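Student: Please give me a close look at a single part of this model. Then connect it to the rest of the structure in one go.

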Amino acid sequence: MKAAIDCDIHPGVPDIKALLPYMNEFWQESFVARGLDGFDMMSYPLNAPITCRPDWKVKGQRPGASLEAMRSQALDRLEIGTAICNPLTGGQVAVSETMGASICSAVNDWIRQHWLDQEPRLRASIVVPAQAPLLAAEEIDRCAGDHRFVQILMPVACEMMLGRSYYWPIYEAAIRHNLPIGIHAGSMYRYAPTSTGWPSHYLHDYVAQSQIFEDQLLSLISNGVFNKFPALKIVLLESGVSWLPGFLWRAVKTWRGVRAEVPWVNRSPAEIVRENVRLTIQPFDAPDRAAVERIVEQIDADDMLLFASDYPHWQFEGDAVMPPGLPEDLQRRIRIDNPLQTYPRLKETVP
Amino acid sequence: MNAPVEGLSHAADSTLGLIDCDIHPYPKPGAFNPYLPERWRKHLAEYGKFNCGPYADRGTYPRFQPNLSRRDAWPSNGGLPGSDIGFLREQLLDRYNIAYGVLEPLLGANTSRNLDEAAALCSAMNDWQVHDFVDPEPRLRASILVPQDDPQASIKEIEKRAGDWRFAQIQLGSKTTEPLGRRRYWPILAAAQANNLSIGLHVGGTQNSAPSAGGWPQFYIEDHHVLVHSMQNQVASLILEGVFDAFPDLKVVMIEGGFAWVPQLAWRLDAHWAKMRDEAPLKRKPSEYMKTNLWFATQPVEEPEHPDDLRQVFEWIGWDRMVFSSDYPHWDFDDPHLAFRFQMTETEKRMLFRDNALSVYTFR
């Protein structure tokens, strides 16, 4: 079988010191003079079990920080021909718009030099300060000329629901450059992690994130984002998969009941999601082969799922990236065809 | 597979006395006043209910139907839907042969930021339910409303009502100031177990936190859906905090949240707990508590394109966990004859429409 396209892989983003060479003088001086560091996201504490699979840890290094380890543990081992790097950085969740922009911009230049230039199998997402959509759009325009950037990356929980027109400059930039928007697990923590308040456990925060993905799809649909940008592709990264059928059933039922509130939503939400939304397969969140088979039947769309290891996050054991129970033909689509359909820029370079 | 099979049907039959876990009573004008002390009558007249949210006298998200109700549920006497006992009998209890119905007042009794106001309103609405509904119609049973952010006042109210057959459960909203598994609520959970009262967790409650961790949706069509996630988070919180290890006989019924999300939540909790169980050291894996301590009321029934997918969801959750609810008189009422579009055996029907509820509630 041809080598797979891994749509969610995480190179470890270094501390601020390593990013300073990619910042302007003002921010270099600010970070140094103010003694600022430690911008790793609460959504992925560096030593939490989910952040790095135990047998993928490299002593003395941050999770995913070693290109050598990524090559041997993921790219070679899992027969990955192309992998899309999704850096998770504190720049994406900063309260200061300009500080967030400076970190994101540094990460984009750093990843180009330290990963994309070093390993031809790698591609990357453009990390943007979604806190400041106009700055985000500028960053997209700055990076998009390098066609190794194949996507725009945003965390799933931001300052506002993602359908709001506040964010439309980002979606306009996505359309301008024919780039999908990748929405990844991770939160700015501007609101309580659940509508019932702040849970006691990191595990709860993590599990509850699949609900935010649901909320954001409803927001994008209801606010008419797909009316304004019909070609926009949204990729849900590390969202879980098994919630999707139940979500669609309820979304369609609610739409039938109160669609007069949003008359521009003139197609079923299920139809819109199947056309415009894609999901990566790790984690899948189903216990066994039978459940995976039923969930895939219920999703009822061969082109929605994208292969992803979520390396080095701990989602599966051994080499079992692909959930069990998928027919051969669908596996090929998930591994190769669907990513190529989703990311137009991959077609330029993947044989 | 979809062909009709003899002995199977998809509807409650007319001879089976049903149990409806979700009926919403509404007041006649001034109905609470006899049960409110003068101090709180005056306070409410001047300040109104002091809820979280932008409006003084309504919820944040403008709804889609007057009083959220079916157009045909307005009584001819001009009162609110769900306020006229005669019409409620005719349109619901007699028509569907309902043996018992649990009242779920959604009148903001316990959402005030002023805890004394909440305590007064809960107590008044508890009296109102029994005098206006249960006494004239004993097929109906009341919910004990409690001001949950004041555990002492809540326990006082629970103890006052616990021996009264007219109350079937303690009702809490799915949106609380903190997740329900947090320690501040344990005295209430302990009192529920001690008095053999189940907790009915009905969607709604305070708007102390944003409806989504991503912020405030713009539309009701979003909020109505997003609300269900508060149910999932209460389930996760109760389990992960060890509530059911501490109170193994506690029964919780999830009401008006639908149920297609249940298997996925169980799987996702199990999958990630397997890696992070040291953070939440439970005696059993998360999904197992869902099979012993939790029940799920069906309304609003999800409507998959293939009705058999719904049967699959019942099987994943377990038939013994499912109880029927109609949500009368609200607009998304589930008719027991029409809501389930797949085939059920006689045994399954008896479990869903009656027997499971009898294992939760004690009807005396």
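Tutor: Start with helix H1 of chain B, residues 38-47, which is hardly covered: one of its ten residues is buried. Buried means 20 or more other C-beta atoms within 10 Å of a residue's own; exposed means 12 or fewer, partly exposed lies in between, and the C-beta atoms are placed from the backbone. Helices (H or I, at least four residues) and strands (E, at least two) are DSSP runs, numbered from the N terminus. This is a predicted model: local features need pLDDT of at least 70, side-chain atom pairs count only at pLDDT 80 or more, and totals for chains, interfaces and linings use all residues. Residues are numbered from 1 along each chain as its sequence is written, while chains are lettered from A and ligands numbered from 1 in the order in which they are written.

B:Gly48 follows H1(B), and its phi is positive, near 75°. A non-glycine case in chain B is B:Asn97, with a positive phi of about 50°. B:Asn97 sits in the loop between helix H2 (85-93) and strand E2 (98-103) of chain B. B:Asn97 has 15 C-beta neighbours inside 10 Å and so counts as partly exposed. Most residues other than glycine have a negative phi, and most peptide bonds are trans.

Now the sheet of chain B. It is open, has eight strands in the order E1-E2-E3-E4-E5-E6-E7-E8, and pairs in parallel. Two strands pair if DSSP finds at least two bridges between them. Strand E1 (18-23) and strand E8 (322-323) of chain B are the edges, each pairing on one side only. Strand E6 of chain B (residues 252-255) runs parallel to E7(B), joined by three bridges. Within E7(B), B:Phe296 stands opposite B:Met254.

Follow E7(B) onward. The loop between strand E7 (294-297) and helix H11 (308-317) of chain B holds B:Pro300. The peptide bond from B:Gln299 to B:Pro300 is cis, with omega near -10°.

Chain A has a cis bond too: it joins A:Gln282 and A:Pro283, with omega about -5°. A:Pro283 lies in the loop between strand E7 (277-280) and H11 of chain A. A:Asp285 is in the loop between E7 and H11 of chain A, and its phi is near 65°, positive in a residue that is not glycine. A:Asp285 is buried, because 27 other C-beta atoms lie within 10 Å.

Chain A as a whole comes next. Its secondary structure comes to 13 helices and eight strands. Its open sheet of eight strands has parallel pairing and the order E1-E2-E3-E4-E5-E6-E7-E8. Strand E1 (4-9) and strand E8 (305-306) of chain A are its edge strands, each pairing on one side only. Strand E2 (residues 80-85) and strand E3 (residues 122-127) of chain A run parallel and are joined by three bridges. A:Ala83 has A:Leu122 in E3(A) as its bridge partner.

Buried residues make up 54% of the 351 residues in chain A. The radius of gyration of chain A is 19 Å, which agrees with the value near 20 Å that a compact globule of 351 residues would have. That radius is taken over C-alpha atoms, and the globule rule is 2.2 Å times the number of residues to the power 0.38. The C-alpha atoms fill a box of roughly 55 × 45 × 45 Å along the principal axes.

Then the join between the chains. The contact takes 59 residues from chain A and 58 residues from chain B. Residues are in contact if their C-beta atoms, placed from the backbone, lie within 7 Å. Strand E4 (149-157), helix H7 (202-222), helix H9 (244-258) and helix H11 (289-299) of chain A each give two or more residues to chain A's side.

Finally, the core. The largest nonpolar core has 203 residues, and B:Met254 is among those with the most contacts inside it, as are A:Val128, A:Ile152 and A:Ile170. Such a core is a set of buried Ala, Val, Leu, Ile, Met, Phe, Trp, Tyr and Cys residues joined through C-beta atoms within 7 Å. Leaving out residues up to four places away in sequence, A:Val128 touches several residues, including A:Cys104, A:Ile152 and A:Ile170.

Terms used:
Two residues are in contact if their C-beta atoms, placed from the backbone, lie within 7 Å.
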